[in-house]
Amino acid sequence: MRTDIFARLDREPEPPKIEAPRMSRHRIALFGGTLAFYLAIVFAVLITSWLVALDWKVMLFRPYQQWPELHAFLDYYVVLGQRGPTAVMVACWLGWRSWRQHTLRPLLVLGTSLLLLNVTVGAVKLGLGRLGPHYATQIGSAEMFAGGDIFPSGHTANAVVTWGILAYLATTPRARRYLSAVSATVSLGVGLTTVYIGTHWLSDVVLGWAAGLLILLALPWFEPLIARTEAWIFAMRERWRERRGGARPAPVTGAGPQPVLLPQSMATEGLAPGTVTAAADPVLPAAHPATGARARAHGGHPARPGGMPVAPTGVRRPPPHTERGARGSGSPARPMTGG
């Protein structure tokens, strides 16, 4: 048994019993509060409230000019919020976990969360059509319904969902706490980085945090669907294996036919000597009357099947059926008893 740290990297012999999160009252309360906050942010931007004025103040402050030494590092750091690179990194990790634990749940949870992210965040982006800071046309305006697609921030929401999945799928409370802290730090940093670079308003980032958190809180509602999908995929895999392997031959339950030796007298009548297959209780032909007499003359030696005696050592056995005439000759054959 291995005791080093690399033993934890081996594949587990059977799937672990991991209970999927349920939609508890506490989670429902958090979901409701986050949804109310989400709608409040949207309403505040639509009516051009003090939140829009704060957006303009931060934008005109130009953080990238105030701290230019951070620009080179933050250009790489913001990649942690891009959907393509982060999805590939997290999918590789969850794919290894799926192989190790004999389950597809980690990958299915990731796919479900990304699908919800694209549908919900993408629909709001296109529906509100807000322009970014670099494309703003009027100072103090909310820049809504102008053909843009930056409200809410996709980078921020993607960072919350992608890195938050690791905490959602954690198997121990300790790992869940650590991964939650890491995912919150990464998503917070990615959102503020987009404000620093000037690609998003501050309200875009706040709404992106709320959008990503809503998806994580709603995942337990999709756990039954994920379980059914996993069972269906495994069933299809077994059917494919059966078709690829082909039909197996049925096992033989009864005894097969047994070989039976024919008497040599039958060979002289036109049958080839050898063995044939017969039923479990074969019917042997009657012995010639002369063979019984010869067997008694030789002292009762054991006879072969069909009445043929075994000649003793050193004694030459006469050819069988010498009294019968050769086939095709004119002399009549000796009649058999009862013939």
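Leucine 108 contacts Ile226, Thr229, Glu230 and Ile233, its neighbours within four places in sequence being left aside. The residue belongs to helix 6. Its C-alpha atom lies 8.3 Å from that of threonine 229. Along the chain, leucine 108 and threonine 229 are 121 residues apart. The model is predicted, and these values are computed from it.

Arginine 105 and glutamate 223 meet through their side chains, with an N to O distance of 3.1 Å. This pair links distant parts of the chain. Arginine 105 sits in helix 6, whereas glutamate 223 sits in helix 10, which spans residues 223-245.

The structure holds five salt bridges. Two further examples centre on arginine 130. In one, arginine 130 pairs with aspartate 55, and the closest N and O atoms are 3.1 Å apart. Here too, distant parts of the chain are linked. Arginine 130 lies in the loop between helix 6 and helix 7, and aspartate 55 lies in helix 2, residues 50-61. The two are 75 residues apart. Both partners are buried.

In the other, the side chain of arginine 130 meets that of aspartate 204, again with 3.1 Å from N to O. Aspartate 204 is in helix 9 (residues 202-218) and arginine 130 is in the loop between helix 6 and helix 7, so the bridge ties together parts 74 residues apart in sequence. Aspartate 204 is buried, as is arginine 130. Through shared partners, the salt bridges join Asp55, Arg130 and Asp204 into one network. Arginine 130 has an aromatic neighbour too. It lies over the face of phenylalanine 151, at 5.2 Å from the ring centre.

Aromatic pairs were then examined. A search of the whole structure finds five. One of them joins phenylalanine 31 and tryptophan 221 in an edge-to-face arrangement. Phenylalanine 31 counts as buried because its relative accessibility is 18%, under the 20% cut-off. Tryptophan 221 has 46% relative accessibility and so counts as partly exposed.

Another pair comprises tryptophan 93 and tryptophan 96. Its geometry is tilted, with 5.5 Å from centre to centre and 40 degrees between the planes. Tryptophan 93 and tryptophan 96 are three residues apart in helix 5 (residues 83-101), so about one helical turn separates them. Tryptophan 93 has a relative accessible area of 46% and is therefore partly exposed. Tryptophan 96 has a relative accessible area of 27%, so this residue is partly exposed as well.

On the surface, Phe43, Leu46, Ile47 and Phe145 form a nonpolar patch. Together, these residues have about 440 Å² of accessible area. Phenylalanine 145 is located in the loop between helix 6 (105-128) and helix 7 (154-168). Its relative accessible area is 58%, so phenylalanine 145 is exposed.

The overall fold was described last. The protein chain has twelve helices and two strands. Along the sequence, these elements follow the pattern α-α-α-α-α-α-α-α-α-α-β-α-β-α. Of the 339 residues, 33% count as buried. The chain exposes about 21600 Å², and carbon and sulfur atoms supply 64% of this area. Among contacts between residues at least 6 apart in sequence, 70% join residues at least 24 apart.

Technical notes:
Residues are numbered from 1 along each chain as its sequence is written. This is a predicted model: local features need pLDDT of at least 70, side-chain atom pairs count only at pLDDT 80 or more; totals for chains, interfaces and linings use all residues. Side-chain values use heavy atoms; hydrogens and water are left out. Patches are made of residues with over 30% relative accessible area and no salt bridge: like charges are joined within 9 Å, nonpolar side chains (Val, Leu, Ile, Met, Phe, Trp, Tyr) within 5 Å. Accessible areas come from the Shrake-Rupley method with a 1.4 Å probe; for residues, only the protein chains shown count as cover. A salt bridge is a side-chain nitrogen of Lys or Arg within 4 Å of a carboxyl oxygen of Asp or Glu. Helices (H or I, at least four residues) and strands (E, at least two) are DSSP runs, numbered from the N terminus. Buried means under 20% relative accessible area, exposed over 50%, partly exposed in between (1.4 Å probe, protein chains only). Contact means heavy atoms within 4.5 Å. Rings of Phe, Tyr and Trp (its six-membered ring) pair if their centres lie within 6.5 Å; planes under 30 degrees apart count as stacked, over 60 as edge-to-face and the rest as tilted. A charge sits over a ring if NZ of Lys or CZ of Arg is within 6 Å of the ring centre and within 35 degrees of the ring normal.
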